[in-house]
Amino acid sequence: MKNRKKLSIYDIGAGNRYLKTLINFDGSANFNLIDPNRNLEWAVENLKKNLKYPNNVKSFRCGIGNKSGKKNFYLAATSTGSTFIDVYKNKNEINTKYFGEKNRIKVDIYNFKDFVKKFSLDKPDILKIDTEGYEEKIVEPILNNYKPYLIE
């Protein structure tokens, strides 16, 4: 890969863990980890400890969706369950032990095309998306503008 451009890998919903398969791309890819949770930095630091080229990792504490702006982010007791979906919409079905009473914060959210442009990033080659039911709002705009090799 010496004379080739590095792959661009995006992990949308990357907080509180990292994918061990990313290590296989060490040195041949730039990693962009995206999550509005504060535990994103924990995931980034743990990934970097396992890489020979840790400078290829960038983190972005924001969300990705179908529109750019500010959006409510609903915080769960377990951060990996947090979501942009309004969990309080149907009050009869809400698990208040898991989500609490109106436990939400406003965060920056970007349409993927706006996100790539704002941060001067490369087009996606590989995408991993785990956003607790918000995937549909993310995938369609990406496929309308890019042709990634793989979406997980």
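**The sheet and its surroundings**

Guide: Start with the parts list. This predicted model has four helices and eight strands. Along the sequence they follow the pattern β-β-α-β-β-β-α-β-α-β-α-β. The radius of gyration is 16 Å, close to the 15 Å that the globule rule gives for 152 residues, so the protein is as compact as a globular protein of that length. Its C-alpha atoms fill a box of roughly 55 × 35 × 25 Å along the principal axes.

Now the sheet. Five strands form an open sheet with parallel pairing. Their order is β3-β2-β1-β7-β8. At the edges sit β3, residues 57–60, and β8, residues 150–151. Each of these edge strands pairs on one side only. Strands of a sheet pair through backbone hydrogen bonds, either parallel or antiparallel.

Look at one pair in detail. Strand β1 covers residues 7–12, and β2 covers residues 29–34. The two run parallel and are joined by six bridges.

Next, the helices. Helix α1, residues 40–49, packs on the sheet and touches β2 and β3. The direction of α1 makes about 175 degrees with that of β3. Which residues of α1 are buried? They are Leu40, Ala43, Val44, Asn46 and Leu47. An α-helix has 3.6 residues a turn, so residues three or four places apart point the same way. The buried residues of α1 pack against β2 and β3.

Helix α4, residues 135–145, lies across β1, β7 and β8. It runs at about 165 degrees to β7, which spans residues 126–129.

Turn to the interior. Buried residues make up 44% of the 152 residues. The largest nonpolar core has 22 residues. Those with the most contacts inside this core are Tyr10, Ile12, Ile34, Ile64, Phe112, Phe115 and Ile142. At least two core residues come from each of β1, β6 (104–111), α3 (112–118), β7 and α4. Take Ile12 as a case. A second, separate core has 14 residues, among them Ala14, Tyr18, Leu22 and Leu47. Leu47 is also one of the buried residues of α1.

Other strands pair too. Strand β4, residues 63–65, runs parallel to β6, and three bridges join them. Gly65 has Asn111 in β6 as its bridge partner. Strand β5, residues 69–74, pairs with β6 in the antiparallel sense over six bridges. There, Tyr74 stands opposite Arg104.

Stop at Arg104, which is found in β6. Beyond its neighbours within four places in sequence, Arg104 is in contact with Asn72, Phe73 and Tyr74. Arg104 and Ser120 are 16 residues apart in sequence, and their C-alpha atoms are 30 Å apart in space.

Last, step back to the whole. Take contacts between residues at least 6 apart in sequence: 64% of them join residues at least 24 apart. The protein exposes about 9,000 Å², and carbon and sulfur atoms supply 47% of that area.

Note on methods:
Residues numbered from 1 in each chain as written. Predicted model: local features only at pLDDT ≥ 70, side-chain atom pairs only at ≥ 80, totals over all residues. Heavy atoms only, no water. Pairing = 2+ DSSP bridges. Contact = heavy atoms within 4.5 Å. Axes fitted to C-alpha atoms, helices over the stretch in contact; angles between N-to-C directions. Buried < 20%, exposed > 50% of the residue type's maximum accessible area, 1.4 Å probe, protein only. Rg over C-alpha atoms; globule rule 2.2 N^0.38 Å. Areas by Shrake-Rupley, 256 points an atom, 1.4 Å probe, with all protein chains shown as cover. Core = buried A, V, L, I, M, F, W, Y, C linked by side-chain atoms within 4.5 Å.
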